[in-house]
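Student: Could we go through this structure together, one question at a time?
Tutor: Gladly! Have a look at it here.

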Amino acid sequence: MSGKKFISGDEAFAQGVRLAKAQVISAYPITPQTIVVERLSEMVEEGELDSKFLHVESEHSALMAAMGAAATGARTFTATSSQGLLYMAECLTYVAGGRFPIVMMNANRATALPWSIYGDHRDSLSLLDHGWIQIYTENAQESLDMAIQAYAIAEQEEIRLPVMVNLDGFVLTHTYEAVDIPTQEQADAFLKPRETWDKLDFDKPVSMAYTVGPDLNEEYNLLHHKALLNVAKHIENIDVSFEKIFGRKYGGLINGYRTEDADLILITLGSISGLVRDVVDELREEGVKAGMIRIRFMRPFPAEELIRETAHASAVGVLEKDISFGFEGTVYSNVNSALSKSAHKISTYDFIGGIGGKNISKEDVRSCFAAMQKKESEEVRFIGLEVEDDI
Amino acid sequence: MSRLTKEITWYGRGGQGAFTASRILGAAAMLAGYQSLAFPSFGPERRGAPIRAFTKISDKSITDRSIPKKSDHILVLDDSLYDPALADGLKEGGSIFVNTAKEVPKPDGVMVITGDISRLAEEILGRPIVNIGIIGLLLGELPEIGIQNIFVSIREYMPSKTVDKNIRLLETILSQKK
Amino acid sequence: MIKARLTERKKIRRLSELPQGGSCTAGILIEKNAGWRNKRPEVDPEKCVGCHQCYLYCPDGVIVKAQKGIVIDYDFCKGCGICAKVCALKAITMEDER
């Protein structure tokens, strides 16, 4: 299957995994991720994908099975969402610390309670510290393309870390749109089969997943940290070689839009970015120097890139689908920490919206810019509330 | 390619194929050179429960992925779901298409087009599945898409055993409209 | 099967000397686990028929299959006596350490 097809984000991602020739796939279904593994299981069944498909009894097992397979040198894939991701949380640190280059798709979904199957970013953002590379995509095409790029990033010798690619639940996973599916020849030209010295081998026995005492444990964590930072160094080269073959490019850790001279900048993640760009265009027509930045990678965090991109801004807002209860939005905490090292003082605003699948309207986005323009108080605010906040 | 921005809302019941039809239309729009999105009213699914689906078509890239507050066209697959108040969800000059054998109450100043697609579907498909047939009512208001693109889309994205019959159903509806 | 071997532990002075992936060379032991045994297993090669029950049962993996019979690695044997207990031919006896 190649050429322009009308498919969903989940299906697009499955096509990306097929093109990347994942050799072992283990997953447990959960809405809104299910379609990805359904499609992959069909591909394996129909012989389109030469892969071992493992049915497991839980997300915990799904990631551990993928880790075991990765330990033999195989290219592996798993996918999950929300509570499933939280259930496998323990395993996330094993995979990252053990430097297993697994690619996982996460369909971003609210975390219970209140129970909800709809989208927000609380599931993955709550796991930022687990040592994975975290990518957030904007549409189905980028999702497919990042499925392929993710393996190139994960398996890079200087990186060797797992990648979590996040797609907004339903808004990306279940929305059908035109997607250009590359040919296998293109994918093969970009991504070679996984070759590694770092695996279980009868002829050259190794120890894996070993203990490190207090003498060197911190050093191992520093090494892991540096490997994650290496993504920034490699992502642009990977993207350039991707563009040469596929004709599409995504840039680095962030995408700025009309930021060159922007006074007010709104930062966001994922599928809402297009709407924010529309609002920026409207405000520019009205004479407001607005701009937007889409964060593509939450880890490594694009601190330098954000400082550079906000060089002319007097105010920066973050529109995010999460809340770290008792403080503020996690994306805001990260952005604010980065911008505190900016050469000039920037007012920062935190707008929490789209929680539990709540719609974010164009008016909501305009209200974020309006708050920055009017220099309203910088307290955390929830936008788009349907009821009056009287508590 | 002419300028075009359309938001279409489908009303149906789980199992009637409203979402499938929204995708067939979206894929046909893609084949006609337009940008398009198709998505269901997200959430738990149950056969027979009322659901909505949406198709957005534009000559520009579609950045607003949310459910349209107002639509250009509303298609109702099952007349038990029809209510003249649906017109509140229409844009100025919008229209409603209903699969029904009955006379339905029509809101003032709104074009409501009806057709007994169920009867034709029973004859041709052997089952009262009207999701593709009702596109025949809509196409008069959406000439940019082109019936050939609908056919290609049906062949590509529908189960093979339903393809020929659905195309025959559509052709029958279009010939009766003339 | 590879046999763990005594290797002097290299002092790591730079981050680049740590294993740069998830694995490191297997089979390295940095110190002996001997010298505190009260009794040591001795094999009588005349009685041993090479059934290798002791090899299977040894909890420390210090018994190695040899061309004929077995060899015991006394650097790591802690003298538990399981090998002597499972030897049906009484080819292994526990002798006092001197």
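Student: In which sense do β15 and β16 of chain A pair?
Tutor: Strands here are DSSP runs of E, at least two residues long, and helices are runs of H or I, at least four residues long, numbered from the N terminus. Two strands pair if DSSP finds at least two bridges between them. Strand β15(A), residues 347-352, and β16(A) have 2 bridges, and the sense is parallel.

Student: Before we go on, what kind of model is this?
Tutor: Residues are numbered from 1 along each chain as its sequence is written, and chains are lettered from A and ligands numbered from 1 in the order in which they are written. Local features need pLDDT of at least 70, side-chain atom pairs count only at pLDDT 80 or more, and totals for chains, interfaces and linings use all residues, because the model is predicted.

Student: Which residue of β16(A) is the bridge partner of A:Ile352?
Tutor: Strands of a sheet pair through backbone hydrogen bonds, either parallel or antiparallel. Here the partner of A:Ile352 is A:Phe382.

Student: Which are the edge strands of the open sheet in chain A?
Tutor: The sheet has 6 strands in the order β10-β12-β11-β14-β15-β16, with mixed pairing. Each edge strand pairs on one side only, and these are β10 (254-257) and β16 (381-382).

Student: How many residues does chain C bring to its contact with chain A?
Tutor: Residues are in contact if their C-beta atoms, placed from the backbone, lie within 7 Å. Chain A gives 16 residues, and chain C gives 11 residues.

Student: Which element supplies the largest share of the side of chain A that touches chain C?
Tutor: β9 (206-208) and α9 (217-246) of chain A each supply at least two residues. The largest share, 4 residues, comes from α9(A).

Student: Which residue of β2(C) is the bridge partner of A:Met208?
Tutor: β9(A) and β2(C), residues 23-25, pair in the antiparallel sense over 3 bridges. The partner of A:Met208 is C:Ser23.

Conventions:
Two residues are in contact if their C-beta atoms, placed from the backbone, lie within 7 Å.
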